[in-house]
Amino acid sequence: MGGVTFGNDRPLVLIAGPCQLETLDHALRIADVLADACARAGAGFVFKASYDKANRTALSGRRGVGIDEGLAMLAAVRERFGCPVLTDVHDIDQAMRAASVADIIQIPAFLCRQTDLLLAAGRSGAAVNIKKGQFLAPWDMPNVADKVASTGNERILLTERGVSFGYNTLVTDMRSLPIMARTGWPVIMDATHSVQQPGGQGSASGGQREFAPVMARAAVSLGIAGVFIETHEAPDTAPSDGPNMIPLDRMAPLIASLMRFDALAKAEPLRA
């Protein structure tokens, strides 16, 4: 995918960037830090950011720059750093447009069973990253992936992001990673959304960002294809998902440590 290879037995790929696009300069500055850190650590790198956050907790939540401006920003990041880019799509009309720029289009967790959206994503020509719904078991995901694969598109990623556990709480069952890996598709761990507290601040989601590196390390130690992390230089003032984003200045040492865990895990792979 854009020069990066995903595989549960291949070196780890980092999918990372801000939750939502803000300005071109902001996106380039974050991508620069992440690309450099990944190059130094030997990790693959995919830049991610959303042009529209269509599932904000409240109507007052800031949604983003929109598809036209957002895709232009992602194209500029891709050109500057030569890295693949990933962004979300929310309806069938967005899939082909997003795929004209994005190497990977992402199906949000709440939409992962929307058949028409999955088929449109598959037909777009881009790789497809499917977030596992907070309401699904890992053994439900083969049916989801099969919808995309039915279009002839077999560049599919499956991402764990936690499961609902009571109100405003997510938990992650680490068994889900090897279970989903049995499908043969590369598996990704979303370390930051898994520590989100949906709606936990009333009109916005909360989160426990201090546990995001813990989730990343735990998942990578099992031997997976990649880890998904949202980051920002000032998470507390970010327009969305600040409580669960990792500060940008902490990313380089984290990436280096994740590559050490990855090398250990893939030298002696687990067989679930």
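Helix α7 (residues 212-220) meets helix α8: P213, A216, R217 and V220 in α7 are in contact with L254, S257, L258, F261, D262 and A265 in α8. Contact means heavy atoms within 4.5 Å. The model is predicted, so local features need pLDDT of at least 70 and side-chain atom pairs pLDDT 80 or more, while totals for chains, interfaces and linings use all residues. Residues are numbered from 1 along each chain as its sequence is written, and side-chain values use heavy atoms, with hydrogens and water left out.

**Helix α8 and its partners**

- By class, the contact of α7 with α8 has seven nonpolar, one polar and two charged residues. Ala, Val, Leu, Ile, Met, Phe, Trp, Tyr, Cys and Pro count as nonpolar; Asp, Glu, Lys and Arg count as charged; the others, Gly among them, count as polar.
- Helices (H or I, at least four residues) and strands (E, at least two) are DSSP runs, numbered from the N terminus.
- The axes of α7 and α8 come within 8 Å and cross at roughly 20°. Axes are lines fitted to C-alpha atoms, for helices over the stretch in contact, and angles run from 0 to 180 degrees between N-to-C directions.
- α7 and α8 are therefore roughly parallel to each other. Angles under 35 degrees count as roughly parallel, over 145 as roughly antiparallel, 65 to 115 as roughly perpendicular and the rest as oblique.
- The α7 and α8 crossing is right-handed. That label applies if the near helix is turned clockwise from the far one by less than a right angle; anticlockwise is left-handed.
- Helix α1 (residues 24-41) also meets α8 (residues 251-267), with axes within 9 Å and a crossing of roughly 30°.
- This pair, α1 and α8, is therefore roughly parallel too, and its crossing is right-handed.
- On α1, the contact residues are L34, A37, C38 and A41; on α8, they are M251, A252, I255, A256 and M259. They divide into nine nonpolar, no polar and no charged.
- An α-helix has 3.6 residues a turn, so residues three or four places apart point the same way.

- H232 sits in strand β12 (residues 226-232). Its relative accessible area is 3%, so H232 is buried. Buried means under 20% relative accessible area, exposed over 50%, partly exposed in between (1.4 Å probe, protein chains only).
- D88 belongs to strand β3 (residues 85-88). D88 counts as buried at 7% relative accessibility.
- The side chains of D88 and S50 are joined by a polar contact of 2.2 Å.

**L28 in helix α1**

- L28 lies in α1 and counts as buried at 13% relative accessibility.
- Leaving out residues up to four places away in sequence, L28 touches A76, V77, R80 and F81.
- L28 and P239 are 211 residues apart along the chain, and their C-alpha atoms are separated by 17 Å.

**Helix α4**

- In α4 (residues 115-123), L117, L118, L119, A120, A121 and G122 are buried.
- Their cover includes α3 (92-99), β4 (104-107), β5 (127-131) and α5 (141-149).
- G125 follows α4 and has a positive phi, near 95°.

Definitions and conventions: Polar contact = N/O pair within 3.5 Å; in protein donor to acceptor, adjacent residues only side chain to side chain.
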